[in-house]
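Subject: Handover of a structure and summary of findings

Dear colleague,

Please find below the structure that I am handing over to you. A summary of what was found in it comes after the display.

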Amino acid sequence: MALRNIVKFGEDVLKKKCREVTVFDDKLWVLLDDMLETMNEANGVGLAAPQVGILRRVAVIDVGDGPIELINPVITSVKGKQREVEGCLSFPGQWGYVNRPAKVKVTAMNRYGKEFKVEGTELLARALCHEIDHLNGVVFTDLADEMVDPETME
Ligand code: CO
């Protein structure tokens, strides 16, 4: 495994729509392993492939309950609303309030190409939306209705 460089805001790669994964080979597994290691090293709760310069529909999340690997994820249902502060490993030191669904259901594939479903509320719901947005070239600062001064955060 290896750490990858995290692309920072201002880079075009963060604004591009990613392509679906069609080949579930060892190259994909190395990418997933590297993304998890890179996310953990940076103390993040999620990381999407474009953040390491790869325009494929791949993301990893760990909100404290163990890693989730998402390939070609699709949000299949949303319910309710929440508005919380988000950040992003590609936007160090920037935080902002984003409106998200309170609950989301996602269908994705695992690293072997097998479909699975994941449901999230609270932080996991936000992370699922945030990472899937990345795969469509959308970053949280596009959606934030209010940016937060980190000095005033508790
Ligand atoms: Co992000």
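Predicted model: local features only at pLDDT ≥ 70, side-chain atom pairs only at ≥ 80, totals over all residues.

Residues are numbered from 1 along each chain as its sequence is written, and side-chain values use heavy atoms, with hydrogens and water left out.

Metal site

The cobalt ion is coordinated by C88 through SG and by H130 and H134 through NE2, at 2.0 to 2.2 Å. Donors here are N, O and S atoms within 2.8 Å of the metal (3.2 Å for Na, K and Ca); water is not among the atoms, so sites may look incomplete. Along the chain, the donors of the cobalt ion follow the spacing C-x41-H-x3-H. C88 lies in the loop between β4 (82–86) and β5 (95–100), whereas H134 belongs to helix α2 (residues 122–135), so the pair ties together parts that are 46 residues apart in sequence. Helices (H or I, at least four residues) and strands (E, at least two) are DSSP runs, numbered from the N terminus. Both C88 and H134 are buried, a term that means under 20% relative accessible area, with exposed meaning over 50% and partly exposed in between (1.4 Å probe, protein chains only).

The sheet of three strands

An open sheet of 3 strands has the order β4-β5-β8, with antiparallel pairing; two strands pair if DSSP finds at least two bridges between them. Its edge strands are β4 and β8 (146–148), each of which pairs on one side only. Neighbouring strands of this sheet are turned by 35 degrees against each other on average, direction ignored. The antiparallel strands β4 and β5 are joined by 5 bridges, and R83 has N99 in β5 as its bridge partner. Helix α2 packs on this sheet, touching β4 and β5, and its direction makes about 70 degrees with that of β4. For such angles, axes are lines fitted to C-alpha atoms, for helices over the stretch in contact, and the angles run from 0 to 180 degrees between N-to-C directions. Contact means heavy atoms within 4.5 Å.

The sheet of five strands

Another open sheet is formed by 5 strands in the order β1-β2-β3-β6-β7, again with antiparallel pairing. At its edges stand β1 (46–48) and β7 (115–121), each with a single partner strand, so one side of each is left without a neighbour in the sheet. The twist averages 35 degrees from one strand to the next. Strands β2 (residues 58–61) and β3 (residues 68–79) run antiparallel and are joined by 4 bridges; V60 stands opposite E69 in β3. Helix α1 (residues 26–41) packs on the sheet, touching β1, β2 and β3, with its direction at about 40 degrees to that of β2. Helix α2 packs on this sheet as well, touching β1, β2, β3, β6 (103–109) and β7, and its direction makes about 125 degrees with that of β7.

Strands β3 and β6 run antiparallel and are joined by 6 bridges, with K103 in β6 as the bridge partner of K79.

Aromatic rings

A search of the whole structure finds 3 aromatic pairs. Rings of Phe, Tyr and Trp (its six-membered ring) pair if their centres lie within 6.5 Å; planes under 30 degrees apart count as stacked, over 60 as edge-to-face and the rest as tilted. F9 and F91 form a stacked pair, 5.4 Å centre to centre and with 15 degrees between the planes. F9 lies in the segment before α1 and F91 in the loop between β4 and β5, so the pair ties together parts that are 82 residues apart in sequence. F9 counts as partly exposed at 45% relative accessibility, whereas F91 is buried, with a relative accessible area of 6%. Together with F140, F9 and F91 form one aromatic cluster.

Nonpolar cores

A nonpolar core is a set of buried Ala, Val, Leu, Ile, Met, Phe, Trp, Tyr and Cys residues joined through side-chain atoms within 4.5 Å. Of the 15 residues in the largest nonpolar core, L28, L32, M35, L47, V58 and V60 touch the most other members. Helix α1 gives the most to this core, with 6 residues. Apart from it lies another core, of 13 residues, among them V104, L124, A127 and L128.

Yours sincerely
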